[in-house]
Amino acid sequence: EENKDIIAWLYCPDTEINYPVVQSKDNEYYLRRLLDGTWNIAGTLFIDYRNAADCSDLHTIIYGHNMKNDTMFGTLDFYAKEEFFHKTPVFTLNTVNEKRKYKVFAAVETRVLYQNEEGFRYYEQPGELSEKEFVDLAGWLSENSLYDTGITPIYGERILILSTCSYNTQNGRFIVAARLAE
């Protein structure tokens, strides 16, 4: 009722992540806006505009700022430590119609690549994927994870990526990848 763009609620135990997730017609609107549309540096957690609003795609991405005061995705980097993964391997995403649990399978430090630069771009493939695209994504995530979780998604499982800025390198990103738990 507060905002028609709210499509889900994300909760990661043992972090400060407990927020609504929105979606708009682009990936810019909520980058620096609150739920009521007012400008704010923290922005709002948002799903990629190319994803299905019910989060049913094989590859869904949720973006949020890495705030120094631990709001938004400011505590997502807890997953950089393997001990935290073992303690908190599951988080929830509740949509209007469904309560979903996701199991983390990768935590990756990466960066946004330059246009002419070779490399894998997880952020260019939200939505439905061919089997090859899915295998490439799952393989890249598992191979580049900071630790081995022993989990590799198989084609047909839904992957959810939580993506935030990282200061490990220029244009750095820290991402946590999880698969829908049965």
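Predicted model: local features only at pLDDT ≥ 70, side-chain atom pairs only at ≥ 80, totals over all residues.
Residues are numbered from 1 along each chain as its sequence is written, and side-chain values use heavy atoms, with hydrogens and water left out.

Let's start with the charges. Side chains of opposite charge can pair when their charged atoms come close. Here, a pair counts as a salt bridge if a side-chain nitrogen of Lys or Arg is within 4 Å of a carboxyl oxygen of Asp or Glu. By that rule, the model has 7 salt bridges.

One of them joins Lys 4 and Asp 5, with 3.4 Å from N to O. To describe how covered a residue is, we use relative accessible area: buried is under 20%, exposed is over 50%, and partly exposed is in between, with a 1.4 Å probe and protein chains only. Lys 4 is exposed at 78%, whereas Asp 5 is buried at 16%.

Next, have a look at Glu 98 and Arg 100, whose side chains meet in a salt bridge at 2.9 Å, N to O. Arg 100 is buried, with a relative accessible area of 4%, while Glu 98 is partly exposed at 34%.

Then there's Arg 111, which pairs with Glu 117 in a salt bridge whose closest N and O atoms are 2.2 Å apart. Arg 111 is partly exposed at 22%, and Glu 117 is partly exposed too, at 23%.

Now on to strand 6, which covers residues 99-111. Strands here are DSSP runs (E, at least two residues), numbered from the N terminus. Glu 109 sits in this strand and is partly exposed, with a relative accessible area of 39%.

Thr 110 is buried, at 14% relative accessibility. What does Thr 110 touch, not counting residues up to four places away in sequence? Its contacts (heavy atoms within 4.5 Å) are Tyr 122, Trp 140, Asn 168, Thr 169, Asn 171, Gly 172 and Arg 173.

How values were computed: Helix = DSSP H or I, 4+ residues; strand = E, 2+ residues; numbered from the N terminus.
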